[in-house]
Amino acid sequence: MTDALLKVKNLKIGARIYPPGEKPKDIDIVHGVSFELEKGKVLGLIGESGAGKSTIGLAAMAYGRGGVELTGGEVWVNGREILHTSRADLRHLRGLEVTYVSQSAAASFNPAKKIMEQVIEASVHAGKFSKKDAEARARDLFDKLGLPDPDNIGDRYPHQVSGGQLQRCMTALALCPEPDLVVFDEPTTALDVTTQIDVLMAIKAAIRDTGVGALYITHDLAVVAQVSDEIMVLRMGDMVEHGTTDQIINNPREDYTRDLVSVRSKQHEGQAPTDNPILRVENVTARYKGTNFDVLHDVVMELHPGQTLAVVGESGSGKSTTARVITGLLPPRDGKITFDGRELSADLNGRTREDLRELQMIYQMADVAMNPRQTVGTIIGRPLEFYFGMKGAEKRNRIIELLDEIELGEGFIDRYPAELSGGQKQRVCIARALAAKPKVIICDEVTSALDPLVADDILKLLENLQKIEDVAYLFITHDLATVSAIADSIAVMYQGKVVRYGPKAEVLSPPFDDYTDLLLSSVPEMRLGWLEEVIANRKMESAGN
Amino acid sequence: MMRIPPAAMIGLFFTGLYFFVAIFAPWIAPYSMTEAVGDVWEPASAKHWLGTDNIGRDLLTRMIYGGRTTIFIATAATILSFTLGSILGLTAAVIGGWVDQAMSRFVDLIMSIPTLIFALVVLSVMPVTLPILILVMGLLDSTRVYRLARAVAVDINVMDFVEAAKLRGEGNRWVIFREILPNALSPLVAEMGLRFIFAVLFVSTLSFLGLGVQPPNADWGGIVKENKDGIVYGIPAALVPAIAIATLSISVNLVADWVLNRTTSLKGGRG
C-alpha cells in the first residue's frame, strides 16, 4: 500500500515508573511521533537521554524494553503493520528483515561462542542461507567493513578483537541476513574518537553498498551528520524538527536544534602560565600492584594557580592513573608530586588534612560518586564539618550558599541523589569539592556521561566558579571539544606517556606529532562531508609516505 | 499512608502475635508452666485449648512459655551474630590486607566444622545456661554474617563515593558506619530474617537433643521432645510446636522480604 520501507504513524509509547515514596504511575515517553523512511536511506534520530530515540528505534522491530509498552499508533514495515501481528511473523521480522546494532558490542556478543557462529546464526537458523553461503557472506562483510584478516577473524572469540573491531563485527551480524532495515543504536558512542572514525566510515560504506535503510540513533549531531540523509530531532518524546541533514545542520529552524548545532562552539581564551605552579608532577612512573609493566612513564606536567590544565588521550592512555597518582591513591614507583612548593607524600595516608583539603576531586559518574543514602545537605555539609568544624546554622548557611553558587538553590538540601537529574548530580559533586575551599580540583571526565547541552552548562559553571573561587582545574577528558572550551594548557597522553605538552594555542597549532594529528583530525565536526574529507586526507598522506 | 501488601500483612500479624505472646507470657498463660493440671495427653477442650502434655501440664501454657524462651534466645543470638559479624565483615573489607586474610581464614576454619557438631561439643563441656547458649549460637552464626557483610562491603568499598570519603581523609570508622553500612543494610536485613529462623531451628534442635533449654523450662524444641512418643498413639501434641516453628519461620520471612523491597525502592538505594 506504500512505497516506504518503514512508516511510523502517530506512535505512542508508555511506561510505568516507580517514583520514590509514591504509587507507581503510567507515563507517556513518546507522544505521537510520525515519520517515513525510504529504502536505502538513512534517518538519524537525535536527542538527549530520555528523548525516546532508542525506544522509537526498538519500536521499529515492534519491541519494547521491560516495562515499556507500545500504546498507540502504527508501525509499517515493508507494507504491513507490525504492532498487531502474530508472534511467528514477528520472529521472521526481527533479526531478518529488521536488525539491530547496539551501543555495547562487548555486552551483546556471547563471550563463549566464536564470532562467526553468532554472525550467521539468524540467517542459518531461519533457513535463509545455508551455513556455507552465510559464512561466505559474513567473510565478504568483514572485508567490506575493513576488518583485518576477514577470512579468519570469524574464528576468534569476542574478547580476542578490539572494541572497534567488535562493533564492526556486530554491524556484520546485523547485515548478514540481508535485512531491509538496520537500527543502529549509538554504535560509536562507547568508542574512542580515533576508533570511532573507522567504524563510522565502515558503517557508512556498508550501508551504501548493501542498500539497506537505516535508523541511526545517537546523541551526537556531528556524528549523525556524517552518515544520514535525513535527521529527526527528538526531545522528551516529541519531534522537534525533521528535515534533510543539510537543512538541520546549516539552517535549523527550531531554537533547540540551533542549540544542539552550536553546542560545541564554546571557546576559552587560554592564559599564559605563571611563575609558580601550584601542582607539579615530576617524572612520575607508576604501575599497578601485581602487574609487571608501567602504566605511566616519566610523566611531567604543571598546573598554574587559577588555570586549567587539560589532560587528553584515549582510554588506556594513563589519564586517570595520573589522577590517582596525584591524589595519592596509587603511590608512584618513581618521581614526585609537588603541591604549592612542598612535596606531597606519595601515599594517601602520609598526607595531612590540609593537603587533602586543598586537592579535591570530581568524578565522571556523579551517581556513584555520591552516597545514595545521604541527602544533598549531608553530602555537601560533610567537608564543611570535617575540614572547618562547622555546625548547625553556620553549616546550613554555607551549604545554601554553595547550592546557590551551583545554581540549584536551597530547595535541594533535603533531596537524595536519586531525585536529581544527571546534570544536577554533577553540580552537587562540584559543590562538595568547592566546600573544602581547595586550590586544585581534579575533574575526571566530568562531562562525558552528560548530554551535550547539559555538559556545556557544567563547563560554563566550572569556568565561572574558577573566576570566583580562584581554583585550578586538572581536567581529564577524551573530548577535544571540551578541551578548547576550558583549557589554558594541554597535555596529550598516549600509552602512558605525555606526547605533547604546552599552552593551548601551541598544542593545538601545527606542526603536530603523529598522534596529536590523528586525535585532532578524528573529532567529528558539525558539517557535511567532514568524514569523507578526513578519510581522503589520510589516504593521501599514507600514499605520500 | 503507606500500603502494606497482603503477604507482608499476614507476616506482620503472626510475627507480632508471637512476639506479643512471648513478651507478655506470664500475663497471658492460663496456668502455671510447671504444674500438672490434668491427665496425661488430654485432648483439646474448653479447659485446655490445646490439651495437655506427657505429664499433664497445660500445653497452651507450655507453648506460650516455650515461645518466650525460643524467641528470646533466637533474637538475642541473632542480634549478637549480626553486630559481631557485620562489624567484623565491614572492617575486614575496608582495611583489607593481612587483617582481612587473617580474619577470613579464621572464619573459614570455623565454618569448616559442622555447626551442630561444634555446638554439641562445646555445650557438652560447658554448663548449659541461657547466656552460654546464646553466646555459642551467636558466635557460630556470626561467621555466616561475616561472610555476607564482607562480600557486600567489598563491592561498595570500590565505589567512587567511598573513594571520595577516603580522599577527604575520613577514618575507617566513618567509612564503615556512614558510607558502607547504610548501603549494605538491605541485604543484611534480608539475611537477618533468615538467620533468625535458623536460630529458632537451631535452638529447637539443641533442645530436642537435650543440650538446649533444660527442663522444667519449656521451649518449642523441648516440647516436641517431651511429646514425641505420643505420635505413635495418634496424639498430636508434638505437632503443635512444629506448626508454631513453621508459621513463625514463614511470617518472619514475609516481613523480611517486604522490608527488603521497601528499603531498595526508597531513595534509589542499591540492593
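This is a predicted model: local features need pLDDT of at least 70, side-chain atom pairs count only at pLDDT 80 or more; totals for chains, interfaces and linings use all residues.
I began at one strand pair: L309(A) has S489(A) in β19(A) as its bridge partner. Residues are numbered from 1 along each chain as its sequence is written, while chains are lettered from A and ligands numbered from 1 in the order in which they are written.

I noted the terms at once. Helices (H or I, at least four residues) and strands (E, at least two) are DSSP runs, numbered from the N terminus. Two strands pair if DSSP finds at least two bridges between them.

**Entry 1: the sheet around β13(A)**

Strand β13 (residues 308-312) of chain A and strand β19 (residues 489-494) of chain A run parallel and are joined by 4 bridges. Which strands make up the open sheet, and in what order? I read β16-β17-β18-β13-β19-β20 in chain A, 6 strands with mixed pairing. At the edges stand β16 (359-362) and β20 (497-503) of chain A. Each has a single partner strand, so one side of each has no neighbour in the sheet. Neighbouring strands here are turned by 15° against each other on average, direction ignored. For such angles, axes are lines fitted to C-alpha atoms, for helices over the stretch in contact; angles run from 0 to 180 degrees between N-to-C directions.

I then looked for a helix on this sheet. Helix α15 (residues 422-435) of chain A lies across β16 and β17 (440-444) of chain A. Its direction is at about 175° to β16(A). Contact between two residues requires their C-beta atoms, placed from the backbone, to lie within 7 Å.

**Entry 2: strand β9(A)**

Strand β9 (residues 230-235) of chain A has 5 of its 6 residues buried. A residue is buried if 20 or more other C-beta atoms lie within 10 Å of its own, exposed if 12 or fewer, and partly exposed in between, with C-beta atoms placed from the backbone.

Which strands pair with β9(A)? Strand β3 (residues 42-46) of chain A pairs with β9(A) in the parallel sense over 4 bridges. Strand β10 (residues 238-244) of chain A pairs with β9(A) in the antiparallel sense over 6 bridges. I231(A) shows both pairings: G44(A) stands opposite I231(A), and I231(A) stands opposite G243(A) in β10(A). The hairpin of β9(A) and β10(A) has 2 residues between the strands, and M236(A) there takes a positive phi near 45°.

**Entry 3: helix α13(A)**

I checked the length of helix α13 (residues 376-388) of chain A. At 1.5 Å a residue, its 13 residues should span 18 Å. The expected span is 1.5 Å times one less than the number of residues. The end C-alpha atoms are 18 Å apart, which agrees.

Where does α13(A) bend? The bend is about 25°, at R382(A), and a proline, P383(A), follows within four residues. A bend is the angle between axes fitted to the seven residues ending at a residue and the seven starting there.

Buried residues of α13(A) include R382(A) and P383(A), along with V376(A) and L384(A). Their cover includes α14 (392-405) and α15 of chain A, together with α7 (160-168) of chain B. After α13(A) comes G389(A), with a positive phi near 65°.

I listed two cis peptide bonds. The bond from P510(A) to P511(A) is cis, with omega near 5°. P511(A) lies in the loop between α18 (504-507) and α19 (514-522) of chain A. P215(B) and P216(B) are also joined by a cis bond, with omega about 10°. P216(B) is in the loop between α8 (172-208) and α9 (220-227) of chain B.

Two non-glycine residues with positive phi went in next. N10(A) has phi of about 50° and lies in strand β1 (residues 6-17) of chain A. Is N10(A) buried or exposed? N10(A) is exposed, with 11 other C-beta atoms within 10 Å. A62(A) has phi near 55° and sits in the loop between α1 (53-59) and β4 (68-77) of chain A. A62(A) counts as partly exposed, with 19 C-beta neighbours inside 10 Å.

**Entry 4: chain B as a whole**

I counted 10 helices and 0 strands in chain B. Its C-alpha atoms fill a box of roughly 75 × 50 × 30 Å along the principal axes. Of the 271 residues in chain B, 41% are buried. Among chain B contacts between residues at least 6 apart in sequence, 69% join residues at least 24 apart.
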